[in-house]
Amino acid sequence: MADVTRNARFWDRAARKYAASRIGDPQGYERSVQSLRDRLRPQDRVVEFGCGTGTTALRLAPHAADISASDISSAMIAIARDKARAEGCGNVRFQVAAPETAGWPDDHFDVAVAMNVLHLIEDRGAALRAVHRTLRPGGIFVSKTPCLTEMTPLIRIAVPVMQLIGKAPFVAFLSAAELEREIAGAGFQIVERARHGTRGRDIRPYLVARRQ
């Protein structure tokens, strides 16, 4: 819990700047959002963890029955709730929680979403098991995750230095293969792999996995 609290403090400090920042690859992001939309049915119950300021949850809201979205940062969730009120969106519920502490019911959701967050979670096993538990049998887990081992090796030096001065949160250096093994190890079957990036080398595999 101490690690979650430390990371939450980092994201609380970064929330306003994060909310004001532009998406690095808007076309790639739109491809991912469209792929998510294409999988949703009007009756689907959706859960998203690591929702940040709620951008993706609010984009998906018109295409699902309801969405439960969480983040460990209270500042991020406050911004997400403000955005939902401004947009008049009534079928998204935002809460401050990690997946394993959110209190979501078992076998409840049809679709789970994790966008650009798995590499920021120290206990990914616990998070993935929580998602598996809360999805109905046959439910779909969709993730998009930066795999930093595909970047220049210099990042392995830069990130620890930035962490020492409080400029970076916890970051896991995952490969795409390691990521898939972790997801499969939590009881999922990978059914789709894609890369939606449109600018340079795309290090963010987009994975669709089914709860077994």
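These legends describe close-up views of a predicted model. Local features need pLDDT of at least 70 and side-chain atom pairs count only at pLDDT 80 or more, while totals for chains, interfaces and linings use all residues. Residues are numbered from 1 along each chain as its sequence is written, and side-chain values use heavy atoms, with hydrogens and water left out.

**View 1. The second largest pocket and its lining.** The volume is about 160 Å³. A pocket here is an open set of points on a 1 Å grid over the protein atoms alone, where a 1.4 Å probe fits, with protein on both sides within 12 Å along at least five of seven lines; lining residues have an atom within 4 Å of a point. Grid points are joined across faces, edges and corners, and the volume is the space filled by probe spheres set on the points. Helix α1 (residues 2-20) gives the most to this lining, with five residues. Helices (H or I, at least four residues) and strands (E, at least two) are DSSP runs, numbered from the N terminus. Among the lining residues are Arg-6, Phe-10, Gln-163 and Phe-170. The lining divides into four nonpolar, three polar and three charged residues.

**View 2. Ser-35 in helix α2 (residues 26-39).** Ser-35 counts as buried, because its relative accessibility is 15%. Buried means under 20% relative accessible area, exposed over 50%, and partly exposed in between (1.4 Å probe, protein chains only). Ser-35 touches Glu-192, His-196 and Tyr-206, not counting residues up to four places away in sequence. Contact means heavy atoms within 4.5 Å.

**View 3. The salt bridge between Arg-93 and Asp-66.** The closest N and O atoms are 3.5 Å apart. The pair links distant parts of the chain, with Arg-93 in strand β3 (residues 92-96) and Asp-66 in strand β2 (residues 66-71), 27 residues apart. Arg-93 is partly exposed at 47%; Asp-66 is buried at 16%. A salt bridge is a side-chain nitrogen of Lys or Arg within 4 Å of a carboxyl oxygen of Asp or Glu. The structure holds 14 salt bridges.

**View 4. Asp-110 and Arg-136 meet in a salt bridge.** The N to O distance is 2.7 Å. Asp-110 lies in strand β4 and Arg-136 in strand β5 (residues 135-144), 26 residues apart. Asp-110 is buried, with a relative accessible area of 8%. Arg-136 is partly exposed, at 27%. Both belong to a network of salt bridges that also links Arg-41, Asp-44 and Arg-45.

Technical notes:
Nonpolar A, V, L, I, M, F, W, Y, C, P; charged D, E, K, R; others polar.
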